[in-house]
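Here is a short briefing to read alongside the sequence and the model. Take a moment with the view below, then follow the notes topic by topic.

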Amino acid sequence: MAVNNSPSRAAAADEGHDRDFATATREVATEVADRASAVAARLPEAAATTKVAVEEAARLMEAGSDQMLAQRQAERPCRSAWRWACSSAAPTDSWSRSP
């Protein structure tokens, strides 16, 4: 009886399927790498834009806080026992009280 050493059709089909799977996987990996590179290239621009936006937000909050404090001080006179508490300057003498 002769031995058939040639691969069977099922084995050939499996090899073809494996090659198709490997090719598809390679294509997906290439696509992911391309997109990741595109994102990485845009990170410096995104960081700069974010920095500008955060600086602007901080400036607006500070300006708003200063404005609100000035408005409150104008609406309600200072009733502090400390002379310097109502001024924006530090005390000129060492922690003295108002009479």
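This is a predicted model: local features need pLDDT of at least 70, side-chain atom pairs count only at pLDDT 80 or more; totals for chains, interfaces and linings use all residues.

## Briefing: fold, surface and salt bridges

Residues are numbered from 1 along each chain as its sequence is written, and side-chain values use heavy atoms, leaving out hydrogens and water.

**Surface and burial**

- Of the 99 residues in the protein, 1% are buried (buried means under 20% relative accessible area, exposed over 50%, and partly exposed in between, with a 1.4 Å probe and protein chains only).
- The protein exposes about 9,000 Å², and carbon and sulfur atoms supply 60% of that area (accessible areas come from the Shrake-Rupley method with a 1.4 Å probe; for residues, only the protein chains shown count as cover).

**Salt bridges at a glance**

- How many salt bridges does the structure hold? There are 3 salt bridges, each defined as a side-chain nitrogen of Lys or Arg within 4 Å of a carboxyl oxygen of Asp or Glu.

**R35 and E31**

- The side chains of R35 and E31 form a salt bridge, at 2.7 Å from N to O.
- Both R35 and E31 belong to helix α1, which covers residues 9-75, and they sit 4 residues apart, about one turn of the helix.
- R35 counts as exposed because its relative accessibility is 58%, whereas E31, at 37%, counts as partly exposed.

**K51 and E55**

- K51 and E55 join their side chains in a salt bridge, with 3.9 Å between N and O.
- These two residues, K51 and E55, are separated by about one helical turn because they are 4 residues apart in helix α1.
- K51 has a relative accessible area of 52%, so it is exposed; E55 has 45% and is therefore partly exposed.

**R59 and E56**

- In the salt bridge between R59 and E56, the closest N and O atoms are 2.8 Å apart.
- R59 and E56 are both in helix α1, with a spacing of 3 residues, about one turn of the helix.
- Are R59 and E56 buried or partly exposed? R59 is partly exposed, with a relative accessible area of 45%, and E56 is partly exposed at 35% relative accessibility.
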